[in-house]
Amino acid sequence: MTTQGNGEASAEVSSWGRYPRVRQEVRELQWRSEPLGAPSSERTVLPYGQGRTYGDGCLNEGGTLLATERLDRIVSFDPETGVLEAEAGLTLYDLLHFAVPKGWFLPVSPGTQFVSLGGAVANDIHGKNHHRAGTFGRHVLGIELERSEEGRISCGPEHESELFRATVAGLGLTGLMRTVTVQLKKIESPYFDVETVKFDRVEEFFELARESDREYEYTVAWIDCIHSTPHIGRGLFMRGNHSAAQSPQELQHVASPARLRVPFSFPRFALNRYSLGLFNTCYYQKQREKVKKSREHYRPFFYPLDAVHHWNRIYGTRGFLQFQCVVPCEGDIIPIRRILERVVRYGKASFLAVIKEFGDLPSPGMLSFPRPGVTLCLDFPMDGARTLQLFSELEALVLEYGGAMYPAKDACMTGKAFQQFFPEWRTFAAFRDPQFSSSFWRRVTDGVIDER
Amino acid sequence: MTEQRTGQGDILIFGATSCIAEHVARQYAAAGRGLFLVARSEEKLEIVKKDLLARGAARVRTAALDLGELASLQRWLREDFHALHRESPIDTVLVAHGVLPDQGAIQDQWSEIARSYDVNLLSPLLIVTELAPHLSGGVIAVITSVAGDRGRQSNYIYGAAKGGVSLYLQGVRNRFAKQGVHILDIRPGFVDTPMTAHVKKGPLFASPEQVASGIVHAVRKRKDIVYLPWFWRFILFIIKLIPESLFKKLSL
Ligand SMILES: Cc1cc2nc3c(=O)[nH]c(=O)nc-3n(C[C@H](O)[C@H](O)[C@H](O)COP(=O)(O)OP(=O)(O)OC[C@H]3O[C@@H](n4cnc5c(N)ncnc54)[C@H](O)[C@@H]3O)c2cc1C
Ligand SMILES: NC(=O)c1ccc[n+]([C@@H]2O[C@H](COP(=O)([O-])OP(=O)(O)OC[C@H]3O[C@@H](n4cnc5c(N)ncnc54)[C@H](OP(=O)(O)O)[C@@H]3O)[C@@H](O)[C@H]2O)c1
């Protein structure tokens with residue numbers, strides 16, 4: 001890293017997938033009152049939250065990242081209505097730490113609490129309750145945006161609503177979010193009543209999903225993408241509801257914070273078909289009974305991976321790629337089956353394969369990923385050409401079935417695929433701030449010279 | 001006045017918009033304490049005030065002052081301080097403001113050096129001198145630095161100010177011990193804050209939250225000198241053992 005003297009430093013930054021790694025300037029923002037300054041003709045900028053995006057969505061090669069980590073202040077909170085306005089760099093971890101003891105919870109939670117509010121909005125994230133609550137953006141009441149030409153503009157579902165639709169899932173390209181106002185959800189207890197059901201084939205997953213979505217607010221399943229005998233797609237289906245309070249002090253309970261950390265990058269040979277297969281078998285066999293019931297604190301229930309800091313290092317320095325798609329299903333399981341078969345044949349999908357059926361509540365953003373269908377999410381160690389070949393085949397399958405891939409988890413989708421997955425992209429492009437760009441955006445719009 | 005008073009009065013923070021101070025203030029706010037914030041920017045004070053109120057502070061009062069302007073600071077300490085102390089008593093003071101001068105750029109320019117001493121040396125000494133007699137039963141905590149433990153060519157302008165404050169605190173601690181005024185010297189190592197935005201972060205860096213917790217703990221336990229995180233005590237112990245004849249040949 002070289003110092004520029006003005007708090008800007010040139011650094012090699014990688015996203016959560018540690019692939020790709022690119023050079024760019026990093027500018028740390030400190031105060032929401034400080035203006036961004038005059039636009040520069042040479043460099044584009046991109047807001048950066050917690051860097052939990054996997055591919056290049058939070059990177060801007062040759063440009064500048066506006067680091068928002070310090071913009072983590074609360075502007076106002078109404079304990080009666082649960083309306084919170086906070087700076088966009090506030091992490092969901094800190095938000096929960098603040099709100100849970102007061103009886104309020106996130107309306108939508110991703111699989112890690114180490115993401116910022118801005119990141120949650122910019123990718124219009126989804127969680128285990130998608131079938132009930134839809135995406136995060138549906139609970140956003142307003143955004144204070146700073147744009148390079150217009151300066152500060154506030155937008156929301158009811159005012160400047162087109163700019164709002166562009167900014168939610170706007171990949172950081174419509175300007176810098178200064179503050180976000182979000183409607184939290186009332187809870188009595190930080191605990192969840194959870195049931196885990198074992199299933200031994202993908203067909204059974206669909207039956208469980210249909211049956212559970214009516215009675216459970218939160219559902220998700222882990223699926224084995226290594227073994228295919230006797231059936232493809234054995235797994236564990238998890239479903240849960242907010243628990244009723246067992247004591248008035250319960251809201252103050254905190255689960256023990258993360259204690260484990262992966263201190264260095266693992267050598268690549270540690271991950272192979274056999275070790276991954278063994279992991280999957282152990283995970284599946286850990287549960288003996290068909291149905292297991294438990295009462296769990298929100299931390300282990302929502303964020304099991306957060307217990308191990310830097311778990312991305314187990315993939316070594318070459319990093320890994322995540323693949324997340326949604327394909328329509330309407331009772332037809334062939335699309336998801338074919339995708340699973342392709343993955344199983346490849347043999348090196350990892351432990352973190354997750355499957356969930358999205359509901360049909362509309363997503364607010366022009367580029368929102370969630371839509372009705374089944375979503376499958378898994379990661380692969382980056383093994384060069386072989387892995388890229390797999391991704392291009394998976395992309396072809398998703399295109400064929402009229403699905404979409406998730407930009408927050410992507411390092412290699414083609415421009416052609418992006419434009420088909422997100423048909424509103426041209427409307428969106430008109431709202432992009434010309435000063436803002438990202439490696440992802442340039443990749444998927446490359447070849448379209450005039451995007452307007 | 002008795003010792004029990006600490007823990008009930010308001011906390012007065014100089015340099016309250018510093019990153020470390022802000023995190024200390026958040027912990028007190030969450031515990032429902034009242035705060036009085038002094039810093040030079042009205043705009044930043046307003047942002048911090050809103051945040052602390054939302055986090056549960058009983059009350060937040062503010063004053064905008066340039067802490068490098070010693071004459072106006074002294075006036076404030078002699079007049080305004082007493083008025084607000086009467087309005088709602090203060091039993092804990094944290095002095096957090098500071099600047100990290102670019103040693104290479106100013107080491108031959110006396111006016112710049114002297115200006116940094118107004119903020120890093122004289123201003124904390126003035127505050128301690130004026131307030132200590134009025135805080136029996138209370139605590140005055142000052143953030144100095146491990147850089148004050150030994151002069152090094154790369155950072156002695158800053159280091160000498162911090163070391164000077166530490167030495168002064170030692171004397172004041174001694175003088176006021178019987179009156180129950182507790183003087184705490186906080187010596188952080190590298191902390192990831194705007195002050196070090198230009199420095200490459202390594203494993204020795206602590207987070208401002210972590211250092212803030214250490215400060216709140218040290219205030220509660222009425223410690224005299226704390227190194228934050230603790231391992232810096234050990235590192236500085238070793239550094240101080242190196243004989244000067246050898247030390248002067250190193251480029252530290
Ligand atoms: C373990 C793990 C589990 C995950 N689980 C889920 C899941 O269940 N569901 C899901 O939807 N996603 C999930 N994700 C993805 C993650 O939620 C998104 O990538 C999220 O956007 C990351 O937020 P961040 O703060 O790290 O933002 P970054 O990765 O730093 O940035 C993401 C995007 O947000 C933009 N941005 C950030 N801050 C601002 C701002 N202030 N103003 C404007 N734009 C801004 C950036 O420009 C960039 O485009 C998961 C990620 C991980 C690592
Ligand atoms: N970060 C480290 O590694 C480290 C290590 C050891 C000790 N320390 C000490 O810790 C303390 C807090 O620093 P920090 O790390 O939190 O950095 P910081 O966020 O940069 O805080 C420094 C603060 O000092 C204020 N200040 C400077 N000159 C002032 C003046 N003339 N009048 C009023 N306020 C003034 C600044 O105010 P503005 O916001 O208005 O500029 C700023 O809020 C400092 O005393 C520092 O020396 C820091």
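The legends below describe close-up views of a predicted model.

**View 1. An open sheet of 8 strands in chain A.** The strands of chain A follow the order 17-13-15-14-20-21-19-22, and their pairing is antiparallel. Strand 17 (291–297) and strand 22 (404–405) of chain A are the edge strands, each pairing on one side only. In general, strands of a sheet pair through backbone hydrogen bonds.

**View 2. Strand 13 beside strand 15 in chain A.** Strand 13 (residues 191–199) and strand 15 (residues 235–242) of chain A run antiparallel and are joined by 8 bridges. T196(A) has M238(A), in strand 15 of chain A, opposite it.

**View 3. Helix 8 of chain A across strands of chain A.** Helix 8 (residues 334–346) lies across strand 14 (218–223), strand 19 (320–327), strand 20 (354–358) and strand 21 (373–381) of chain A. The helix runs at about 10° to strand 21 of chain A.

**View 4. Salt bridge between E341(A) and R337(A).** The side chains of E341(A) and R337(A) meet at 3.3 Å, N to O. Because they are 4 residues apart in helix 8 of chain A, about one helical turn separates E341(A) and R337(A). E341(A) is partly exposed, with a relative accessible area of 36%, and R337(A) is partly exposed as well, with 25%.

**View 5. Salt bridge between R338(A) and E400(A).** The closest N and O atoms of R338(A) and E400(A) are 3.5 Å apart. This pair links distant parts of the chain: R338(A) belongs to helix 8 of chain A and E400(A) to helix 9 (residues 385–400) of chain A, 62 residues apart. R338(A) counts as partly exposed because its relative accessibility is 37%.

**View 6. Salt bridge between E250(A) and R295(A).** Here the closest N and O atoms are 3.0 Å apart. E250(A) sits in the loop between strand 15 and strand 16 (260–261) of chain A, while R295(A) is in strand 17 of chain A, 45 residues apart. E250(A) has 3% relative accessibility and so counts as buried, whereas R295(A) is partly exposed, with a relative accessible area of 28%.

**View 7. A network of salt bridges with residues of chains A and B.** The network links R32(A), D72(A), R73(A) and E87(A) with E22(B), R26(B), D51(B) and R55(B). Over all chains, the whole structure has 42 salt bridges.

**View 8. A nonpolar patch on the surface of chain B.** F234(B), F237(B), I238(B) and L241(B) form the patch, together having about 440 Å² of accessible area. F234(B) lies in helix 9 (residues 231–241) of chain B. F234(B) counts as exposed because its relative accessibility is 56%.

Technical notes: Residues numbered from 1 in each chain as written. Chains lettered and ligands numbered in written order. Predicted model: local features only at pLDDT ≥ 70, side-chain atom pairs only at ≥ 80, totals over all residues. Heavy atoms only, no water. Pairing = 2+ DSSP bridges. Helix = DSSP H or I, 4+ residues; strand = E, 2+ residues; numbered from the N terminus. Contact = heavy atoms within 4.5 Å. Axes fitted to C-alpha atoms, helices over the stretch in contact; angles between N-to-C directions. Patch = residues over 30% accessible without salt bridge, like charges linked within 9 Å, V, L, I, M, F, W, Y side chains within 5 Å. Areas by Shrake-Rupley, 256 points an atom, 1.4 Å probe, with all protein chains shown as cover. Salt bridge = Lys/Arg side-chain N within 4 Å of Asp/Glu carboxyl O. Buried < 20%, exposed > 50% of the residue type's maximum accessible area, 1.4 Å probe, protein only.
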